[in-house]
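Good morning, and thank you for joining. I would like to take a few minutes to present one structure to the group.

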Amino acid sequence: MEEAKKEPQPPLIDQLKEYAELRFKLAKYKAIDGGSTIFAGLVADVVVVISMVLAFIFASFTLAFYLSQLLDSLWEGFGCVALIYLLMAIIIKVNKKSIEKPIANAFVHKIFKHKSND
């Protein structure tokens with residue numbers, strides 16, 4: 001009876017080196033995955049914000065020209081829109097603390113959202 005030839009096990013040091021290399025590669029790939037996910041989300045959010053700003057600007061001009069037509073004065077229509085924005089700015093300034101916290105929480109949630117999926 002002939003015993004099956006077994007390949008000798010590599011030394012423990014070699015196994016530990018291979019394990020460390022694999023762990024390093026895994027950490028690198030996880031970092032790349034997380035970074036690309038965050039970057040893609042931010043790019044999509046920037047596109048949405050730019051679209052919303054453009055829509056807001058055109059809606060503002062539309063409202064200003066409409067009010068100008070109602071008031072029979074171009075400067076009064078644009079002045080009314082300016083006053084509306086001034087009131088909005090004052091309201092936001094007064095309620096700044098209560099507005100900042102949900103925005104900061106949403107931003108942190110957006111960044112760390114991918115960790116809950118792991």
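I shall speak about a surface patch, a loop residue and a salt bridge, in that order.

This is a predicted model, in which local features need pLDDT of at least 70 and side-chain atom pairs count only at pLDDT 80 or more, while totals for chains, interfaces and linings use all residues. Residues are numbered from 1 along each chain as its sequence is written, and side-chain values use heavy atoms, with hydrogens and water left out.

Let me begin with the surface. A nonpolar patch of about 940 Å² is formed by Val46, Val49, Ile50, Val53, Leu54, Ile57, Phe58, Phe61, Phe65 and Leu74. As to the criteria, patch residues have over 30% relative accessible area and no salt bridge; like charges are joined within 9 Å, and nonpolar side chains (Val, Leu, Ile, Met, Phe, Trp, Tyr) within 5 Å. The areas come from the Shrake-Rupley method with a 1.4 Å probe, and for residues only the protein chains shown count as cover.

Which helix gives the most to this patch? It is helix α1, residues 12–71, with nine residues. Helices here are DSSP runs (H or I, at least four residues; strands are E, at least two), numbered from the N terminus. Valine 46 belongs to helix α1 and is partly exposed, at a relative accessible area of 47%. The scale is as follows: buried is under 20% relative accessible area, exposed is over 50%, and partly exposed is in between (1.4 Å probe, protein chains only).

Leucine 74, another patch member, sits in helix α2, residues 74–94. Leucine 74 counts as exposed, at 52% relative accessibility. Setting aside neighbours within four places in sequence, leucine 74 is in contact (heavy atoms within 4.5 Å) with Phe65 and Ser68. Its C-alpha lies 8.1 Å from that of alanine 64, ten residues away in sequence.

I turn now to the loop between α1 and α2, where serine 73 is found. Is serine 73 buried or exposed? Serine 73 is buried, with a relative accessible area of 12%.

Finally, the charged side chains. A search of the whole structure finds one salt bridge, meaning a side-chain nitrogen of Lys or Arg within 4 Å of a carboxyl oxygen of Asp or Glu. Glutamate 100 and lysine 96 form this bridge, at 3.8 Å from N to O. Both residues lie in helix α3, residues 96–117, four residues apart, or about one turn of the helix. Glutamate 100 is partly exposed at 38%, and lysine 96 is partly exposed at 41%.
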